[in-house]
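I opened the notebook to look up a few packing details.

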Amino acid sequence: MITRRLFTAALAAAIPLTLMSGSPAQAQDLREITFVQPSPSAINSYPVFVAIGEGYFEEEGLEVTVEAINGSGAVLQALAAGQAHFGRPGPGPVLAARSRGVDAVFFYNVAARSNFGIVVREDSDIQDLEDLRGTVIGTGTADGAEVGFARNVMSDANMVAGTDFEFLTVGDGGPATVAFNSGEMSAYSSSTADSAVLNQRGMKVRDITPPKFARFFGNGLATMGDTIRNDRELVEKFGRAFMRGHAFALDDANREAVLAHLKAGNPQEGEDAEFQGALFDAIRSKTIPVDMASGLGYLPPEVWDEWQTSLVAGGEIPAPLDNLEEAYTNEFISDWNEAIN
């Protein structure tokens, strides 16, 4: 069963097979890095696991340990506390953290197309957002990227949480299925992976999110501002290896190797090969930029403006940031794209 739980133990068993393939002397020279992700899914963070499996991090002198924690808020807390070097939070939580004085910086657009949607049961009478007025929308976490996304969508429909509808943290997978069946929630703010899991378990859902919200990119790579300023070489190495993993996985010729790396990262996801493949295809499709002119990883400034406007309108941040441009950077993207071409 896929749930949001720590799977470091499983990774500890798998990672040495890939990271430590060099000589003992080489292994001892590797710098140990921790990457935190907001769910245990290896598929959601597939470029990391591919870069581990293909040895790209090792080539950069890095030994990467992956840890899963509960939601983007927890990812940002781990980064701020110095418990991790890099993480994969959503843009909404990053802006919310910066409004509280946390110097988190987004530097790679992984989910270039929105990987969230508001879904309802396939047989539900609910047809559009207006039908959600006065209802409960479930979320996987209390402060994850799916919450900020849902606030944006509902704000655009002139509805505010606590007044026109309610949020309810229900978890994902089995708990979300129970919440639908019990009537606790009428809709669910769901990631692509969450929807796939629900459908695979027989809880058929359909997305009622207006198409225009596809431009709202989702989770990506973030680190602390101090890391970019004072340990720039580390960011360059990590991001370059990550992009190589991203590009490798986008090539269908590498599909078998990619799925093997993902199974090593999370064996549970690989138990059902057909489901694993379908979920990977769904997630991967969200990581292909709408416009490849700027290559992989590019963060459109205009969409950051839209994210901020929506968060202010929804009450998730009290006011626009003093300098929105400090929340993200594209300074590494061109060099990394040149490295993979």
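**Entry: Asn 152.** I began with Asn 152, which sits in helix α7. The model is predicted. Is Asn 152 buried or exposed? Its relative accessibility is 1%, so I noted Asn 152 as buried. I then listed its contacts, skipping neighbours within four places in sequence: Phe 213, Phe 216, Trp 307, Ser 310 and Leu 311.

**Entry: the two Phe contacts.** I checked Phe 213 and Phe 216 next. The ring centres of Phe 213 and Phe 216 are 5.5 Å apart, and the planes stand at 35 degrees, so I logged the pair as tilted. Phe 213 has 3% relative accessibility and therefore counts as buried. Phe 216 is buried too, with a relative accessible area of 2%.

**Entry: α7 and α14.** I turned to how helix α7 (residues 145-156) packs on helix α14 (residues 301-313). The axes are 9 Å apart, at an angle of about 80 degrees. That angle falls within 65 to 115 degrees, so α7 is roughly perpendicular to α14. Which residues make the contact? From α7 I found Gly 148, Phe 149, Asn 152 and Ser 155; from α14, Trp 307, Ser 310, Leu 311 and Ala 313. By class I have four nonpolar, four polar and no charged residues.

Entry: I followed the chain to Asn 158, in the loop between α7 and β7 (166-169). Most residues other than glycine have a negative phi. Asn 158 is not a glycine, yet its phi is positive, about 60 degrees. At 63% relative accessibility, Asn 158 counts as exposed.

**Entry: α9 and α13.** The axes of α9 (residues 192-200) and α13 (residues 273-285) come within 9 Å and cross at roughly 150 degrees. The cut-off is over 145 degrees, so α9 and α13 are roughly antiparallel. The crossing is right-handed. On the α9 side I noted Thr 192, Ala 193, Ala 196, Val 197 and Gln 200; on the α13 side, Phe 275, Leu 279, Ala 282 and Ile 283. This contact holds seven nonpolar, two polar and no charged residues.

**Entry: aromatic pairs.** How many aromatic pairs does the whole structure have? My search gave 21. One of them, Phe 86 with Phe 238, is stacked, at 4.1 Å centre to centre and 15 degrees between the planes. Phe 86 is in strand β3 and Phe 238 in helix α11, 152 residues apart. Both are buried. I also traced a cluster linked by ring pairs, including Phe 86, Phe 238, Tyr 108 and Trp 336.

Key: Residues are numbered from 1 along each chain as its sequence is written. This is a predicted model: local features need pLDDT of at least 70, side-chain atom pairs count only at pLDDT 80 or more; totals for chains, interfaces and linings use all residues. Side-chain values use heavy atoms; hydrogens and water are left out. Axes are lines fitted to C-alpha atoms, for helices over the stretch in contact, and angles run from 0 to 180 degrees between N-to-C directions. Helices (H or I, at least four residues) and strands (E, at least two) are DSSP runs, numbered from the N terminus. Angles under 35 degrees count as roughly parallel, over 145 as roughly antiparallel, 65 to 115 as roughly perpendicular and the rest as oblique. A crossing is left-handed if the near helix is turned anticlockwise from the far one by less than a right angle, and right-handed if clockwise. Contact means heavy atoms within 4.5 Å. Ala, Val, Leu, Ile, Met, Phe, Trp, Tyr, Cys and Pro count as nonpolar, Asp, Glu, Lys and Arg as charged, and the others, Gly among them, as polar. Buried means under 20% relative accessible area, exposed over 50%, partly exposed in between (1.4 Å probe, protein chains only). Rings of Phe, Tyr and Trp (its six-membered ring) pair if their centres lie within 6.5 Å; planes under 30 degrees apart count as stacked, over 60 as edge-to-face and the rest as tilted.
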